[in-house]
Amino acid sequence: MATCSPGEFLILSRNSHISAISAMVLSGAVPKYIIPDYDIDWEFAVGVTPFQVLKAIQELEMEGKKPAAVFVTSPTYHGICSNLSEISELCHSRKIPLIVDEAHGAHLGFHTELPKSALHQGADLAVQSTHKVLCSLTQSSMLHMSGNIVDKEKISSCLQTLQTTSPSYLLLASLDAARAQLNESPDVVFNQAMALACEAKCTLKQIPGISVLENSSFPTFPAIDPLRLTVGFWKLGLSGYNADEILYRNYGVVCELVGNRSITYSFNLGTCRDHVQRLLLGIKNLSATHSSIQYPEERVLGGHASFDDIIMSLIPRDAFFASKRKVTIKESIGEVSGELICPYPPGIPVLIPGEVITKRVVDYLLHVRSKGADISGASDPLLSSIIVCNV
């Protein structure tokens, strides 16, 4: 809202968090989507490259338009970091502000082996969910500003519009406590978590049938957060949902994110050796139980996150306020979505209000629901019906 007025363009990746879509509804911004690259082995979308941002800017410039802002998610839920230094340089050369969703990166920069923070790489605005890896209470977060491209008074005005006049001082105190904890020993506070994460990855790479996400898999991106551990189970014939259910039930292991072919775990200041040992024991037993069994490899139908067939009929704001009706999921194909639907976690929308519903999207939603994914945002979580716009 502080950077985009109604009708102005916002460049962002199509796999941005649902909060970015809500912000476009509030601001009236017009999305210029970057279609992220999609990894077919891991079945998730990756980050944004400087070339993709430049291409989006140039496409708007060829139409005589200029983006009001560029919005990048870095790191992603899986810990993949974009090259924010280069992206900020090309944005600033055109006086375009760079906003970074750094929800999963509040810890970045507090260890020599951690990637640099968004602000350190030139971001104008960075939003961090301090509670995700640091030790503040759930719902507590921070907004950081740098430079003079963004109007600070406008930021303050927008915050007053959105925030409560009765803030929780418990949450505010927890933010200050998290800051103080880092300030006490900023150079060593993450030493234990980093060591445990490194040990876990080295051990997992030796277990038959187990895949471990590494930076070498994504050479176009500068780093992967070493405190994120993403483990693939497809060689064992297990979906991430199957593996997560077993590990939680038998070993009390709680994941950060579960997907069709993998599970992501988060190491933080509260992680101890016992946690890691239970995780490793559980995965070793999974391997021993399933590695000798031959399964046909199963793939999600096309994978929603390639997003290569999106048609936007209405901008999110117009679709949000449009008159709507409810139809069966089969009848919805070819209609314009009136609601935001996404499997959760990670909170990345498969359908955004204003987009034309395709058979591929419907097939994907039904598939992941059948595999145990929770469907967020849908008026009917069973997906027997969908709300569409009357257009």
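**Exercise 1.** Determine the strand order and the pairing sense of the four-stranded open sheet, and identify the strands at its edges.

*Solution.* Step 1. In this predicted model, the order is E10-E12-E14-E13, with antiparallel pairing; strands are DSSP runs of E with at least two residues, helices are runs of H or I with at least four, and both are numbered from the N terminus. Two strands count as paired if DSSP finds at least two bridges between them.

Step 1. Strand E10 (211-212) and strand E13 (257-258) each have a single partner strand, so one side of each lacks a neighbour in the sheet.

Step 2. E12 and E14 run antiparallel and are joined by five bridges; Gly232 is placed opposite Ser262 of E14. E13 and E14 are antiparallel over two bridges, and Val258 has Ile263 in E14 as its bridge partner. Three residues separate E13 from E14 in the hairpin that they form.

Step 3. Helix H7 (residues 191-204) lies across E10 and strand E12 (228-232), at about 15° to E12. For such angles, axes are lines fitted to C-alpha atoms, for helices over the stretch in contact (heavy atoms within 4.5 Å), and angles run from 0 to 180 degrees between N-to-C directions.

Residue numbers start from 1 along each chain as its sequence is written, and side-chain values use heavy atoms, with hydrogens and water left out. Because the model is predicted, local features need pLDDT of at least 70 and side-chain atom pairs count only at pLDDT 80 or more, whereas totals for chains, interfaces and linings use all residues.

**Exercise 2.** Is strand E14 mostly covered or uncovered, and which way do its residues point?

*Solution.* Step 1. E14 is mostly covered, with five of its five residues buried (buried is under 20% relative accessible area, exposed over 50%, partly exposed in between, with a 1.4 Å probe and protein chains only).

Step 1. Ser262, Thr264 and Ser266 point one way from E14, while Ile263 and Tyr265 point the other way.

**Exercise 3.** Describe the second largest pocket by its volume and its lining.

*Solution.* Step 1. The second largest pocket holds about 370 Å³ of space. On a 1 Å grid over the protein atoms alone, a pocket is an open set of points with protein on both sides within 12 Å along at least five of seven lines, and lining residues have an atom within 4 Å of a point. Grid points are joined across faces, edges and corners, and the volume is the space filled by probe spheres (1.4 Å) set on them.

Step 1. Among the 15 lining residues, Val254, Tyr265, Ser266, Thr271 and His275 are the closest to the centre of this pocket. Strand E14 (262-266) and helix H9 (273-290) are the elements that give two or more residues to the lining; H9 supplies the largest share, four residues.

**Exercise 4.** In what order do the strands of the six-stranded open sheet stand, and which strands are at its edges?

*Solution.* Step 1. The order is E2-E1-E5-E7-E8-E9, and the pairing is mixed. Strand E2 (30-34) and strand E9 (142-145) stand at the edges.

Step 1. Strand E1 (residues 9-13) and strand E5 (residues 67-73) are parallel over four bridges; Leu12 has Phe71 in E5 as its bridge partner.
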